[in-house]
Amino acid sequence: MRRRAYTTYFLPRDLHPAAWWVWALGLAAAASRTTNPWLLLTILAVAWYVVIARRSDAPWAMAFRMYLYLGGFIIAMRVLFRLVFGGAEGATIVLRLPEIPLPEWAAGIRLFGAVSAESLLGGLYDGLRLATMLICLGAANALANPKRLLKAMPPALYEIGTAVIVALSVFPQLAESVLRVRQARKLRGGLARGRFKALHAIVIPVLEDALDRSLRLAASMDSRGYGRAGRVEARARALTGLLMIAGLLGVCVGVYATLDGSTPRYLATPVLAGGLAVALVGFRLAGRRVHRTRYRPDRWHLAEVAAAGSGVAVAAVMFATSSVDPTNLNPSLINLSAPLLSWPPLAGVLLGVLPALITPPPAAEAVPA
Amino acid sequence: MISFERVSFWYRDRTDPVLTDVSLEIGEGEFVLLTGRTGAGKSTLLGAVNGLVPHFTGGHLEGEVTVAGVTTRSRPPREFAHLVGVVGQDPLAGFVTDVVEEELAYGMEQLGLPPQVMRRRVEESLDLLGIADLRRRALRTLSGGQQQRVAIGAVLTMHPQVLVLDEPTSALDPTAAEDVLATLARLVQDLGTTVFMAEHRMERVIPFVDRMVYLPGDGTAVDGAPPEVLKDMPITPPIVRLGRLAGWDPLPMSVRDARRLAAPLRAALPDPPQPAPVAAGKPALTSAGVVVRYGPTVAVRGVDLDLHPGTVTAVMGRNGSGKSSLLWAVQGSGPRQGGTVTVGGVDPQKVSSAQARRIVGLVPQTASDLLYLETVADECTAADDESGNPRGACRDLLDWLAPGIPAEVHPRDLSEGQRLALVLAVQLSATPRIMLLDEPTRGLDYTAKEALARTVAVLAREGHAVVVATHDVEFVATAADRVIVMAEGEIVSDGPAVEVLGGSPAFAPQVAKIIGPRWLTVEAVEAAR
């Protein structure tokens, strides 16, 4: 038995999308705790390595590069802002730009002027942290099929999931028909004069097309049994609705009271917990009346636990070290020095690379005929 | 299995019914073909089977439609999902998910079938339809024939007792259409599924069907065995017209039957007339080395093409062989990465698009993309303004192409044939010498196709060079002088229609298959007798 479990463990398959999201959120949470560039770069390297090792060849997986570009752009903007809007905090002035005098009402804003190494470095660290968090989310997006994540929603939210999936597939179609109609307009001698007319000439056929499609889709879904099990007694429906609303209200009050110290304490945790419980009961009831089954749902196996666990571990180690040895996590910007790196957080971050080694590789796409 | 009992149907705000007093009885395991002109109520009749008409479309239905003893009056269409599977014209528009395997499972998920059953049925359907290698592919990347087979598979997994198909092959090339039809024939033979199908290009389906229902357009329905119904039908495939001409009785339904009967006719025919040589004189358009590519995919691979005035050229080839890309590149509006195109010393790509359409006109595949105004009259006026013509020129053209289209109608309410005529009039109003038509026969019935063939012939006689990209072999046989076959972006054969069509088993029209490779049309046979 044990032997068999071992042989099937590494067979190629797609992991549960939520496992990748937990892993990536763990990395992102770890990144949010530090501005140490060595640690941030290590997190980046870890995310990058896992993506390369475990992504499939689907289109969304190829979008990871976009996140890298976006990250680079964020860092560049952060540094540029320090240059433009003045960064003279600190003693080491590295660049003296002519300051542009601004009128009095703009007091507090400075354009150019002296730039210090400290503030440039601050911009760099800050940008790097933001970029790393973004790239971690990009990694989740590249590793997990976003549509499968929607499919994994609880049954009560099934309808919303379907709506989102349909909407997602509409966008490429819309883009396609805009292109087609634009090209067709050229055949009638280019666009009509006047901006409004030109818009009219493209929007009308595209919308007609979209409307036609959605009607046909609705007819198709109807004849394939969508919403078949929707018949519920009015009383049951009212009850679930009431439970959900009451629960959500409770959650709102509870969250408000928890965050605002001046409200009485009995409104905080007890109401929050009670609201959550009521809402969950409503959720369950709503889910129970859905007589629908799922084809090959993603299951939560050992590999999913391993992937998610490694992300959680990275975050946990980072939170633990931040209470023990905070200085190395946020290198000082007052006394310029090369940032130091201590072993515990580095080892923690390196835990994040485990999914590249201990999860099964993604299932191969069928070779296009 | 399906029964229509004195069914009449009115759409909302219409006084005249689409169906009047239709009674039909379709038994278990029958393969029934539904025919009729566009607008005769085929889709309405099919939609009534699972209650989409009137539950989804609105309107007023009298009488009773029952499937397996359940009346559509009692429940909405979704409650018929396990009884009736519906497949439409455009499979892509009906897909809910985006991967083949999930699409096959979608219906079963709605029915709430247990996971093991779903898993088994998906595997069975993948094999039954021969799409097992596509299971993880994205639906959008499939070819039309593959998509249509997935759409059929997606309803088959629910194990419906009835399959309703509304022109499932109208967008497919001949080979893909054969695939789909062969699949259907197998379903009827092996599983005993009842199939009720509407189809324009009857010639491909008639050999398989048990019964035919013909809607003449006055609301009634004629029902019977194919030879009987076809005997008096005004719209007929070539094989039937040939049978009528030769006086064969009973009418042959397949090429094989007809060939057995044709020996005396073949003997009585003289040698076929030599085809007039095509491509005489100076070409109206010369192009050399045309290359079109989309990223790494090469759509057109260095094609040389000359078009001569007074000639109708048909461009054929499977979907994705580069027909449309070639037409768009020659017109100048589409991308062209290499090669030259000259019309009277001018390259249509180098001039403005308003000038280009005066040199080369193009009617795109989705002709309605060109229309954006609320009435036919507005479209005509806009076309006159765009072409710099006096008001009324376009309307005159339209009246010549398709007389009697009311001016105040919205272009969307026209029939396919009328809409094509309107777009053609709009494009002709710029008086181009060269006219390119991309898949104009899609969705046209026999009558509309005949009208189009006549129009094309007149345009050629007036000195236009006309190019038609199409899958429709029979249309090409009647209308084209010259045929070009494309594959993988290259021209694989180019020559007079008789030589290219007659000599090829895939492209031969029915008459050529029955009588001999040098006879393409019933008209030619008739003239020679």
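Let me begin with a definition: two strands are said to pair if DSSP finds at least two bridges between them, and helices (H or I, at least four residues) and strands (E, at least two) are DSSP runs, numbered from the N terminus. With that in hand, 4 strands of chain B form an open sheet in the order S2-S1-S4-S5, and the pairing is antiparallel. The edge strands are S2 (19-26) and S5 (70-71) of chain B, each of which pairs on one side only.

Before I go on, please keep in mind that this is a predicted model, in which local features need pLDDT of at least 70 and side-chain atom pairs count only at pLDDT 80 or more, while totals for chains, interfaces and linings use all residues. Residues are numbered from 1 along each chain as its sequence is written, and chains are lettered from A and ligands numbered from 1 in the order in which they are written.

Staying with that sheet, strand S1 (residues 2-10) and strand S4 (residues 60-67) of chain B pair in the antiparallel sense over 7 bridges, and Phe9(B) stands opposite Leu61(B) in S4(B).

Chain B also has an open sheet of 6 strands, with mixed pairing and the order S6-S7-S8-S3-S9-S10. S6 (84-87) and S10 (222-224) of chain B stand at its edges with a single partner strand each, so one side of each is left without a neighbour in the sheet. On average, and with direction ignored, neighbouring strands of this sheet are turned by 15 degrees against each other. S6(B) runs parallel to S7 (residues 162-166) of chain B, and 4 bridges join them; Gly85(B) has Leu163(B) in S7(B) as its bridge partner. Helix H1 (residues 42-49) of chain B packs on the sheet, touching S3, S6, S7, S8 and S9 of chain B, and its direction makes about 155 degrees with that of S7(B).

Turning to domains, whose bounds come from an automatic or database domain assignment, chain B is given domain 1 (2-234) and domain 2 (285-528), with 31 Å between their centres, taken over C-alpha atoms. Contact here requires that the C-beta atoms of two residues, placed from the backbone, lie within 7 Å, and 13 residues of domain 1 of chain B are in contact with 16 residues of domain 2 of chain B. On the domain 1 side, helix H7 (residues 174-191) of chain B gives the most, with 3 residues.

For chain A, the assignment gives domain 1 (8-150 + 300-358), domain 2 (153-223) and domain 3 (243-288).
Within chain A, the axes of helix H3 (residues 37-54) and helix H13 (residues 343-350) come within 9 Å and cross at roughly 15 degrees. That makes H3(A) roughly parallel to H13(A), a term used for angles under 35 degrees; the axes are lines fitted to C-alpha atoms, for helices over the stretch in contact, and angles run from 0 to 180 degrees between N-to-C directions. Leu39(A), Thr42(A), Ile43(A) and Val46(A) in H3(A) meet Pro345(A), Leu346(A), Val349(A) and Leu350(A) in H13(A).

Finally, how many residues of chain B are in contact with chain A? There are 51, in contact with 42 residues of chain A. Helices H3 (91-94), H4 (100-111), H5 (115-128) and H13 (353-359) of chain B are the elements that give two or more residues to the side of chain B that touches chain A, and H4(B) gives the most, with 8 residues.

Conventions: Parallel < 35°, antiparallel > 145°, perpendicular 65-115°, else oblique.
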